[in-house]
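Here are some notes to read alongside the model. Keep the viewer open and go through the points in turn.

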Amino acid sequence: MDAPIPFNKPYFSGNETRYIEQAVRSGKISGDGQFTQRAHAYFEQHWGFRKALLTTSCTDALEMAALLLDIGPGDEVIVPAFTFVSTANAFVLRGATIVFADSTALNPNLDAAALEGLVTPRTRAVVPVHYAGIACDMAAVLAIAERHGLAVVEDAAHAIDSFYDGRRLGTLGALAAFSFHETKNIIAGEGGLLALNDLRFAQRAEIIREKGTTRSAFFRGEATEYNWVDVGSSFLPSELTAAYLWAQIENLADIQQRRTSIWDAYYAALAPLGALGVGLPELPAYATNNGHLFYLVCRDQAERDALIGHLGQRRILAVFHYRALHRSPYYAARHDGRPLPWAEHYTACLVRLPLYYELDGVAQQRVIDGVLAFYQGR
Ligand SMILES: *Cc1c(COP(=O)(O)O)cnc(C)c1O
């Protein structure tokens, strides 16, 4: 029988354990040691963030963003309904009301053309999610945000090493959150990054990340006192996490090359399904592809579920994605009742295919053959 093909397999270069051992032997394994500093310098120098701060997760980076923006009860935050729960939860934790935006027909990103209609005098922020690493229509989002004085927080969890109109994702909003969860392109088990593009947030971000204290500045010799000065929490990762991440950063170019070539091979083989009305990932002219995930949009939910079952019988794990948050058990009663047909469509019809560094040509061909066999005669 054919070996099972998992949906994801965490990338491992081999140097992760070597660097973790180095961190252990250095005698400092709490946060903000050598590997964390190397990662911060890398992201600031090569990726153009004004300031980079590693966090324990993207969820935590989003929570830091909500704290930095002083989001509170009565405030409204616009979030796509088709996203991971943390995009909304970070602001719900501060007492904000979430106003859910629908996706576009072209891809699951938020519909910027309908965004301005969601703005009220209470709106404080908008959180575009670059789904599958494909950029949202950021010119439109930024123009509306500017007109209404809204903060833009990019949920760039999928969006490492991807671009909008030549500008790196994560550099466009005042703040951006990345994820290094093991399902993402570069990983640390659990881990994240808060990117700051507005230095007005820089000092306070360090304080919030270190439990509301001046610890960071004090240990750099910049603050005379180490004291409690603001709210905060423990948002910094240990050096073990940063050491793991560093080995991934070192191999980023190779990882991206591999993932995008797998993605391209899926697209080339499955594009003919478009003629049947099956959706493929569509990149607007302003967007790049970072090979984060490859999806199909089936014609209805029964077809999607049958395709997952069909691949399962061939020992191939394909998976659906987000359940639209406006209809979730937690938020449905709090939602303003607007139907969000595209978010519901992607909830019902989207399926993701296996995509990971070690997926070889033979295994990928099995996935492609499985999908094409399913559609044979449909
Ligand atoms: C993965 C993901 C997150 C959360 O990342 P963690 O690092 O697991 O907290 C947030 N938003 C989106 C869109 C994600 O895909």
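The points below start with the sheet and then move to the helices.

1. Ground rules. This is a predicted model, in which local features need pLDDT of at least 70 and side-chain atom pairs count only at pLDDT 80 or more, while totals for chains, interfaces and linings use all residues. Residues are numbered from 1 along each chain as its sequence is written, and side-chain values use heavy atoms, with hydrogens and water left out. Helices (H or I, at least four residues) and strands (E, at least two) are DSSP runs, numbered from the N terminus.

2. Look for an open sheet of seven strands, in the order 1-9-8-5-4-2-3, with mixed pairing. Strand 1 and strand 3 are the edge strands, each pairing on one side only. Pairing here requires that DSSP finds at least two bridges between two strands. On average, neighbouring strands of this sheet are turned by 25 degrees against each other, direction ignored. Axes are lines fitted to C-alpha atoms (for helices, over the stretch in contact), and angles run from 0 to 180 degrees between N-to-C directions.

3. Strand 1 (residues 51–55) runs antiparallel to strand 9 (residues 192–196), and five bridges join them. Two places to check: L53 stands opposite L194, and T55 stands opposite G192. Is strand 1 mostly covered or mostly open? Five of its five residues are buried, where buried means under 20% relative accessible area, exposed over 50% and partly exposed in between (1.4 Å probe, protein chains only). In a regular strand the side chains alternate between the two faces of the sheet. Here K51, L53 and T55 are on one side, with A52 and L54 on the other, and both faces are covered.

4. Strand 2 (residues 76–80) and strand 3 (residues 97–101) run parallel and are joined by five bridges; V79 has F100 as its bridge partner in strand 3. Strand 3 is largely enclosed by the rest of the structure, because four of its five residues are buried.

5. Contact means heavy atoms within 4.5 Å. Helix 4 (residues 85–92) lies across strand 2, strand 3 and strand 5 (151–155), at about 150 degrees to strand 3. Six of the eight residues of helix 4 are buried, so the rest of the structure largely encloses this helix. The buried ones are S86, T87, A88, A90, F91 and V92, and they pack against helix 3, strand 2, strand 3 and strand 5.

6. Helix 3 against helix 6. Where do these two meet? M64, L67 and L68 in helix 3 touch R204, A205, I208 and R209 in helix 6. The axes of helix 3 (residues 58–68) and helix 6 (residues 202–209) are 10 Å apart, at an angle of about 125 degrees.

7. Helix 11. In helix 11 (residues 341–349), the buried residues are A343, Y346, T347, A348 and C349. Their cover includes strand 10 (294–297), helix 10 (301–313) and strand 11 (350–353).
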